[in-house]
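Biologist: I have a protein model open and would like to learn how to read it. Could you walk me through it?

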Amino acid sequence: MDESVKGCMPELLSQGRALLSGTDIRTYSPLTLAFIGDAVFSLYIRTVLVGRGNMAPGKLHEACSELVQARTQSRMIRGILEALSEEEKSAYRRGRNAQAPSRAKHASMSEYRHATGLEALFGYLYLTGQGERMTKLVELCLDFYEGKQSEERSAEREKELESGQTEHGRAVFGEEAL
């Protein structure tokens with residue numbers, strides 16, 4: 001992750017703890033934690049994307065939407081679960097097991113619940129002032145997701161080559177398409 005992002009995010013996000021000083025965050029509803037965590041996670045992702053370089057707003061929106069959708073968040077949390085502390089796993093499980101009144105349009109109920117757990121985790125970390133830990137977890141999420149995407153593209157390409165088809169449906173012999 002870009003060093004400027006690493007430097008500004010923990011300081012910016014530590015303000016959440018100052019707003020709620022003296023409050024026991026553990027007593028908050030997991031859906032309340034997910035509510036704030038959704039915004040925090042989105043802010044991190046947007047900051048990372050902007051830190052990667054100047055892009056048209058439409059492209060930024062498209063990239064951000066892909067990374068903050070329930071299906072992607074579900075994959076991310078499952079990929080980094082082993083890196084979480086017991087306290088973090090507890091916050092995640094509380095969010096995952098919460099009975100939300102609705103679900104995402106383009107995700108299964110399971111994906112939606114895992115995504116809600118990720119958001120609850122980020123809400124918990126935000127409200128307890130753990131900005132540096134959030135930065136580390138966002139890095140792990142992105143590394144996992146981008147690595148998975150690369151693996152899937154490689155596997156798809158390998159299948160195409162084995163079947164003798166390119167992505168355009170033409171037969172392939174060796175490296176050249178006829």
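Predicted model: local features only at pLDDT ≥ 70, side-chain atom pairs only at ≥ 80, totals over all residues.

Biologist: How many helices and strands does the protein have?

Modeller: Helices (H or I, at least four residues) and strands (E, at least two) are DSSP runs, numbered from the N terminus. Here there are 8 helices and 2 strands, and the order from the N terminus is α-α-α-α-α-α-α-α-β-β.

Biologist: What share of the residues is buried?

Modeller: Buried means under 20% relative accessible area, exposed means over 50%, and partly exposed lies in between (1.4 Å probe, protein chains only). Of the 178 residues in the protein, 36% are buried.

Biologist: How do I describe two packed helices?

Modeller: You give the angle between their axes and the distance between the axes. The axes are lines fitted to C-alpha atoms, for helices over the stretch in contact, and angles run from 0 to 180 degrees between N-to-C directions. Take helix α3 (residues 30-51) and helix α7 (residues 109-127): their angle is about 85 degrees and their axes are 6 Å apart.

Biologist: What do we call the arrangement of α3 and α7?

Modeller: Angles under 35 degrees count as roughly parallel, over 145 as roughly antiparallel, 65 to 115 as roughly perpendicular and the rest as oblique. So α3 and α7 are roughly perpendicular to each other.

Biologist: Which residues meet where α3 packs on α7?

Modeller: Contact means heavy atoms within 4.5 Å. Among the α3 residues are Leu 33, Ile 36 and Phe 41, and those they meet in α7 include Leu 118, Phe 122 and Tyr 126. The residues of this contact divide into 13 nonpolar, 3 polar and 2 charged. Here Ala, Val, Leu, Ile, Met, Phe, Trp, Tyr, Cys and Pro count as nonpolar, Asp, Glu, Lys and Arg as charged, and the others, Gly among them, as polar.

Biologist: How many aromatic pairs are there?

Modeller: Rings of Phe, Tyr and Trp (its six-membered ring) pair if their centres lie within 6.5 Å; planes under 30 degrees apart count as stacked, over 60 as edge-to-face and the rest as tilted. The count comes to 1 aromatic pair. The rings of Phe 41 and Phe 122 have centres 5.1 Å apart and planes at 70 degrees, so this pair is edge-to-face. It joins distant parts of the chain, with Phe 41 in helix α3 and Phe 122 in helix α7, 81 residues apart. Phe 41 is buried at a relative accessible area of 0%, and Phe 122 is buried at 0%.

Biologist: At what angle does α3 pack with α4?

Modeller: For α3 and helix α4 (residues 57-68) the angle is about 135 degrees, with the axes 10 Å apart. That makes α3 oblique to α4. The contact includes Ile 45 and Leu 49 of α3 and Leu 60 and Leu 67 of α4.

Biologist: Is Val 48 buried or exposed?

Modeller: Val 48, in helix α3, counts as buried at 6% relative accessibility. Thr 32 also lies in helix α3, and Thr 32 counts as partly exposed at 36%.

Definitions and conventions. Residues numbered from 1 in each chain as written. Heavy atoms only, no water.
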